[in-house]
Amino acid sequence: MTDRKALIINCSPVKTGATAEIVNIINNEISPRYDTKCICIADYTFEFCKGCRTCHGTAKCVMNDDVIKIIDEFDRADVIISVSPSYWADIPGQYKAFIDRCTPWCDTHEPHASIREGKKGYSVALRTGPGMHECERIIQNIEHFYGHLHIECSGHLGLTSIEYKENVKQRKPEIIEFCRDI
Ligand SMILES: Cc1cc2nc3c(=O)[nH]c(=O)nc-3n(C[C@H](O)[C@H](O)[C@H](O)COP(=O)(O)O)c2cc1C
């Protein structure tokens with residue numbers, strides 16, 4: 001057993017769907033090499049960013065809610081894996097709302113809060129439609145977020161033609177292959 005920690009995030013509000021199934025496969029694959037923790041964005045309660053920009057001057061949000069709990073999980077982890085379905089060709093609103101609330105930790109203004117340096121970030125995007133462009137957009141958005149928190153973008157996987165968890169089984173070899181590099 002290693003003490004390197006991996007955080008695997010279900011970015012979907014569905015706790016038992018296709019995204020959760022992929023999270024489970026990744027967890028099974030990497031748990032011999034990492035101390036893993038799986039979380040679902042739907043298990044946390046937080047407000048939308050108000051866009052007040054107070055954090056640009058204070059490095060702190062004016063709100064105090066579960067965003068801090070998620071950021072604590074990010075801080076503890078050495079590796080972060082975001083698994084996101086496409087909802088209207090983008091990240092589900094719940095995960096996007098979390099990203100917006102991470103503005104106190106964003107490196108584009110001073111002062112800003114920081115999580116521990118040296119983390120590696122991975123992204124998995126899935127969708128029902130057949131084209132990869134939507135997955136690429138989601139991956140780009142997650143990697144944009146990682147970059148501003150100094151999480152090194154280290155790999156990604158796009159999975160098309162997945163609607164329900166039953167569709168994930170036949171994609172298991174691709175997911176296992178992706179996990180080899182984590
Ligand atoms: C509200 C909503 C919007 C969706 N929008 C898209 C879309 O724009 N493109 C697409 O390919 N799939 C779309 N899907 C399908 C999901 O990406 C797909 O079913 C995925 O497997 C859902 O995973 P989940 O059940 O774990 O959330 C949408 C699903 C929902 C519920």
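## Terms and model

Contact means that heavy atoms lie within 4.5 Å. Helices (H or I, at least four residues) and strands (E, at least two) are DSSP runs, numbered from the N terminus. A residue is buried if its relative accessible area is under 20%, exposed if it is over 50%, and partly exposed in between, using a 1.4 Å probe and protein chains only.

This is a predicted model, in which local features need pLDDT of at least 70 and side-chain atom pairs count only at pLDDT 80 or more, while totals for chains, interfaces and linings use all residues. Residues are numbered from 1 along each chain as its sequence is written, and side-chain values use heavy atoms, with hydrogens and water left out.

## Strand S1 and its partners

Strand S1 covers residues 5–10, and 5 of its 6 residues are buried. Two strands pair if DSSP finds at least two bridges between them. S1 pairs with strand S2 (residues 35–40) in the parallel sense, over 6 bridges. In this pairing, asparagine 10 stands opposite cysteine 40 of S2. Between S1 and S2 the chain passes through helix H1 (residues 18–30), and this β-α-β crossover is right-handed. Right-handed here means that, with the strands pointing away from the viewer, the path from the first strand over the helix to the second runs clockwise.

S1 also pairs with strand S3 (residues 79–85), again in the parallel sense, over 5 bridges. Isoleucine 9 has serine 82 as its bridge partner in S3.

## Two helices with a buried side

Helix H3 spans residues 67–76, and its buried residues are Val67, Ile70, Ile71, Glu73 and Phe74. These residues are on the same side of H3 because they cover an arc of only 150° around the axis. The arc is that of the directions from the helix axis to the C-beta atoms. The buried residues of H3 are covered by elements including S1, S2, S3, helix H4 (93–101) and helix H5 (133–148).

In helix H6 (residues 172–179), the buried residues are Ile175, Phe178 and Cys179. Their arc, seen down the axis of H6, is within 100°, so they line one face of the helix. The buried residues of H6 pack against H1, S4 and strand S5 (152–159).

## Around the ligand

A residue is near a molecule or strand if one of its heavy atoms lies within 4 Å of it. There are 17 residues around the ligand, and those that come nearest are Ser12, Thr19, Ser86, Tyr87 and Arg127. Threonine 19 lies in helix H1 and counts as buried because its relative accessibility is 4%. Leaving out residues up to four places away in sequence, threonine 19 touches Asn10, Cys11, Ser12, Val83, Ser84, Pro85 and Leu126.

A polar contact is a pair of N or O atoms within 3.5 Å; within protein, one must be able to donate a hydrogen and the other to accept it, and residues adjacent in sequence count only if both atoms are side-chain atoms. A polar backbone atom of glycine 129 is 2.9 Å from an oxygen atom of the ligand. For a polar backbone atom of glutamate 163, the distance to a ligand oxygen atom is 3.0 Å.

## Loops

Proline 130 is in the loop between strand S4 (120–126) and H5, and counts as exposed because its relative accessibility is 71%. Arginine 53, in the loop between S2 and helix H2 (54–58), has a positive phi of about 65° although it is not a glycine.
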